[in-house]
Amino acid sequence: MVADILRRHPDANIDWVVEEGYVSLVRLNPHVRRIIPFALRRWRKSLASEATRAEIGAFWRGLREQRYDYVFDTQGLLKTGVIMGAARLAPGGQKVGLANGSEGSGYEGVSRLFHTRSIALDPRTHAVARGRLVAAAALGYSADHPADFGLPAPGAGSRPGFLPAADYAVFFHGTARDAKKWAPANWVALGRALAPLPVLLAWGSALEKTEAEALARQLPNARVLPKLSMLEAVELARHAALAVGVDTGLTHIAAAFVRPTIELYCDSPRWKTEGNWSPLIINLGELGAPPSVPEVLAAVERLRPAA
């Protein structure tokens with residue numbers, strides 16, 4: 001959305017309200033003028049605290065400092081609608097959001113109460129295209145360029161010390177829902193086929209760490225990483241020579257950096273999130289039909305010259 005808007009309106013000033021845990025990710029896009037952190041998950045735990053109430057008050061004041069020509073909500077949730085409702089408009093400004101949700105989404109129709117204009121989309125609109133199409137409809141242009149996430153190139157800046165100096169592959173094997181996981185034996189077969197390329201195993205919970213350790217015991221070329229911050233995990237994806245992962249956030253971040261990426265769909269519809277903006281991204285599997293090891297190895301061979 002940011003790249004699309006600036007392509008049409010290069011002098012636009014763009015602010016972004018984001019859950020505080022993802023501030024470091026949004027900060028990687030240099031075209032966002034101001035990031036406004038929102039900490040609902042943390043605030044809920046201490047609403048009676050004076051410090052929390054002061055933070056909430058500061059958030060609302062910061063949100064209302066500016067008058068905006070356009071306020072966009074591409075989530076379609078009550079909480080994002082309330083934030084939209086609190087934002088102030090310049091004369092003639094618009095608050096633009098979704099008239100409907102995508103199939104299987106958590107869309108809440110009550111969010112439309114806060115719109116001045118609601119944009120209807122096909123229920124099978126890709127998650128990235130959804131926001132782009134809402135902005136394009138409001139501002140009168142076509143979102144027909146490949147997605148541009150405004151992220152720095154892998155070679156820009158220094159590589160963090162916890163990463164190998166040489167090329168490596170990363171497996172994003174963990175996800176909260178078991179049905180979306182690829183079988184451990186498959187990861188082991190893939191890791192062995194990649195040897196001697198180092199394989200880094202990321203994790204985000206105690207269970208995922210245990211799963212990563214079990215894989216590493218069977219893969220001499222694998223290493224379990226320490227617990228990573230959000231920015232460290234982003235750097236892990238950004239510098240990978242090859243990223244292979246299930247349908248989860250870090251896999252999609254690797255694809256957003258246009259790294260050689262293989263996205264594995266085991267129990268989620270591919271149309272929702274598949275990386276479709278670069279030939280360096282290969283999407284395999286489908287809802288209820290996980291990809292086989294030979295399919296993934298064939299994809300590795302297709303990407304190997306790029307990696």
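**Pocket lining, helix contact and sheet in a predicted model**

Me: By class, how many nonpolar, polar and charged residues are in the lining of the second largest pocket?
Reply: In this predicted model, the second largest pocket has a volume of about 150 Å³. Its lining includes Trp182, Trp187 and Leu215, along with Lys181 and Glu211. By class, the lining has six nonpolar, three polar and two charged residues.

Me: Which element gives the most to the lining of the second largest pocket?
Reply: The elements that give two or more residues to this lining are helix H7 (184-194) and helix H8 (206-216). The largest contribution, four residues, comes from H8.

Me: In which hand does H7 pass H11?
Reply: The axes of H7 and helix H11 (residues 293-303) come within 10 Å and cross at roughly 30 degrees. Asn186, Ala189, Leu190, Ala193 and Leu194 of H7 meet Val293, Val296, Leu297 and Val300 of H11. These contact residues divide into eight nonpolar, one polar and no charged. The crossing is right-handed.

Me: Which strands stand at the edges of the open sheet of three strands?
Reply: The strand order is E3-E4-E5, with parallel pairing. Strand E3 (67-73) and strand E5 (117-119) each have a single partner strand, so one side of each lacks a neighbour in the sheet. The edge strands are therefore E3 and E5.

Me: Which residue in E5 is the bridge partner of Val96?
Reply: Strand E4 (residues 88-98) pairs with E5 in the parallel sense over three bridges. The bridge partner of Val96 in E5 is Arg117.

Me: At about what angle to E4 does H5 run?
Reply: Helix H5 (residues 78-86) lies across E3 and E4. Its direction relative to E4 is about 170 degrees.

Note on methods:
Residues are numbered from 1 along each chain as its sequence is written. This is a predicted model: local features need pLDDT of at least 70, side-chain atom pairs count only at pLDDT 80 or more; totals for chains, interfaces and linings use all residues. Side-chain values use heavy atoms; hydrogens and water are left out. On a 1 Å grid over the protein atoms alone, a cavity is a set of points where a 1.4 Å probe fits but cannot get out, and a pocket is an open set with protein on both sides within 12 Å along at least five of seven lines; lining residues have an atom within 4 Å of a point. Grid points are joined across faces, edges and corners, and a volume is the space filled by probe spheres set on the points. Ala, Val, Leu, Ile, Met, Phe, Trp, Tyr, Cys and Pro count as nonpolar, Asp, Glu, Lys and Arg as charged, and the others, Gly among them, as polar. Axes are lines fitted to C-alpha atoms, for helices over the stretch in contact, and angles run from 0 to 180 degrees between N-to-C directions. A crossing is left-handed if the near helix is turned anticlockwise from the far one by less than a right angle, and right-handed if clockwise. Contact means heavy atoms within 4.5 Å. Two strands pair if DSSP finds at least two bridges between them.
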